[in-house]
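Biologist: I have a structure open and would like to go through it with you. Can we take it piece by piece?

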Amino acid sequence: MADVVLAIDLGTTATKVIAVDRNAGVVASVEHDYPMRTTPSGEATHDPDEVLTAALTGLREIATGGHAVRAISLTGAMHTLLGLDASGRPVTPSLSWADNRAVAQTAELRGTGRGTALHRATGTPIHTMSPLVKLAWFAENGITADRWCGLKDYVALKLTGELVTEHSSGSATGLMDLGTRSWHADALAFARVTAEQLPGLHAPTDSFPLTFAVPGVAPGTPVVLGGGDGPMANLGVGAVVPGVAAVSLGTSGALRVVRSSPAVDERGRVFCYAIADDLWVLGGAVSNGGVVAQWAEDTFQADLLDLLDEASAVPPGANGVTALPYLLGERAPWWDPDATSALVGLRREHGRAEITRALVEGVAQQLALVLDAVRSVADVHAVRVTGGAFRSDLWATVLASALGLELELADDSEGSGVGAALVAWRALGEFPDLTVAAELVKPVKTISPDPAAVRHYAAARPGIERLYRALAEL
């Protein structure tokens, strides 16, 4: 019977529960789906109890598999927010990072001295994803609650009876001071909440005893608080030493590199979130990743693999077509929820292959712009990548060339969950520190950039920002 940690990973469309041994090996996994409700007004929400049910169901299924459960650990999508009544019952849906209704509250801060100061203090960019502006939106719409928390905090409350969060998720709220690791006074004032209305802040390795009955798990088993899915993904792919970035690319994407101290760049292009053990991730998320290829598939009514194969035959630069791939607005490095897409340079001779190639290149160039911003405050000399998009050679070679770096492909199955499990093993005293993840998690493949494409993308990249600025004025 193997000793394992059970990691609960609360995703945007499903929750996974995995059993992870002390060598970062996944010995069992289950997944349960649920919908995210969206409306044309910008709503993107979950039913908290649907997500809780998925988590508890998966936990029971894995826990009864005959493993010796040493701990439970938690991770989940960042920037979620819901309200609770005095007895801990939800009084609002859980708003996801994609909820875009706090536009006016975001505009009130963006580009102002107060907004810049809050970004530098909290590490969270001023954007509609942030619980900071979501709380202000709730207040201005007369929606109240006794307590406010993230979706992961709600699941932890049901497991332990304690309403708590940790510095990793807290650092993504726009409400936590990175220097003091406490709730930030001016952020609370803008959000119209008090510190007492928010969960208590703890280290990601802190734990509370299990009080909820889970067959196969002993009462009192430690429930380790874990962290947000982005920082945990760095752990899960072994990108936990300075200079080694993690890139994830699914429907959306992100690039993050580890630092030993918190920081953001002077231009406010990147975020800074905590992992644990005084490790921090600096980087940026892009709202548009594989979604652009899905859009091409729907628009051209063609098989996605066929489209990507056709686009592979088009040379770098897409025969003169440039894409700003902002189908869902954009986050890093612009943090502009109102950004819209554009195809520039389109001529009669161009077809679906050039357009698909331009869209893929547009996403890769956006991640390269994030890398440029990150490099203003941190070294990056290696990249580990994970995500379904890298099953395509086109995505892999274009991104390697846009970044100008070799990509080390990691197993993409359970990154954030493995990271949360490693935090739990650290909490149990099995590891001296979390940098052990770099040794435990090894890449399975290396993708090299094309030198000619590297030169082309580097020369074209300054024009992407000029084009974005010019079109934003229109």
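Modeller: Start with β2 and β3 (residues 26–33), which pair in the antiparallel sense over seven bridges. Keep in mind that this is a predicted model.

Biologist: Which residue stands opposite V20 in β3?

Modeller: V26 is the residue opposite V20.

Biologist: How many residues of β2 are buried?

Modeller: Six of the seven residues in β2 (residues 14–20) are buried, so the strand is mostly covered.

Biologist: New topic. In what order do the strands of the seven-stranded open sheet come?

Modeller: The order is β18-β19-β17-β16-β22-β23-β24, and the pairing is mixed.

Biologist: What holds strands of a sheet together in general?

Modeller: Strands of a sheet pair through backbone hydrogen bonds, and they do this either parallel or antiparallel.

Biologist: Parallel or antiparallel for β16 and β22?

Modeller: Parallel: six bridges join β16 (residues 243–249) to β22 (residues 380–386). For G243, the bridge partner in β22 is V380.

Biologist: Which helix packs on the sheet and touches β22?

Modeller: That is α11 (residues 352–374), which touches β16, β17, β19 and β22. The direction of α11 makes about 150° with that of β19. Helix α8 (residues 229–236) lies across β16, β17, β18 and β19, and runs at about 70° to β17.

Biologist: Then P333. Where does P333 lie?

Modeller: P333 is in the loop between β20 (322–324) and β21 (342–344).

Biologist: Is P333 buried or exposed?

Modeller: Buried, because its relative accessibility is 8% and the cut-off for buried is under 20%. Leaving out residues up to four places away in sequence, P333 touches R269, Q366, L369 and V370. P333 and G284 are 49 residues apart along the chain, but their C-alpha atoms are separated by 6.7 Å.

Biologist: What about aromatics, how many pairs does the structure hold?

Modeller: Five aromatic pairs. W137, F138 and W148 form one aromatic cluster.

Biologist: Which ring has the charged end of R331 over it?

Modeller: The ring of W97, with the charged end of R331 4.0 Å from its centre. The charged end of R192 sits over the ring of F190, 5.6 Å from the ring centre.

Biologist: Last one, the whole chain. How many helices and strands?

Modeller: The protein chain has 15 helices and 24 strands. Buried residues make up 58% of its 474 residues. The C-alpha trace spans about 65 × 50 × 40 Å along its principal axes.

Biologist: What radius of gyration would a compact globule with 474 residues have?

Modeller: A compact globule with 474 residues would have a radius of gyration near 23 Å, and the 21 Å of the protein chain agrees with that.

Technical notes:
Residues numbered from 1 in each chain as written. Predicted model: local features only at pLDDT ≥ 70, side-chain atom pairs only at ≥ 80, totals over all residues. Heavy atoms only, no water. Pairing = 2+ DSSP bridges. Helix = DSSP H or I, 4+ residues; strand = E, 2+ residues; numbered from the N terminus. Contact = heavy atoms within 4.5 Å. Axes fitted to C-alpha atoms, helices over the stretch in contact; angles between N-to-C directions. Phe/Tyr/Trp six-rings, centres within 6.5 Å; stacked < 30°, edge-to-face > 60°. Lys NZ or Arg CZ within 6 Å of the ring centre and 35° of its normal. Rg over C-alpha atoms; globule rule 2.2 N^0.38 Å. Buried < 20%, exposed > 50% of the residue type's maximum accessible area, 1.4 Å probe, protein only.
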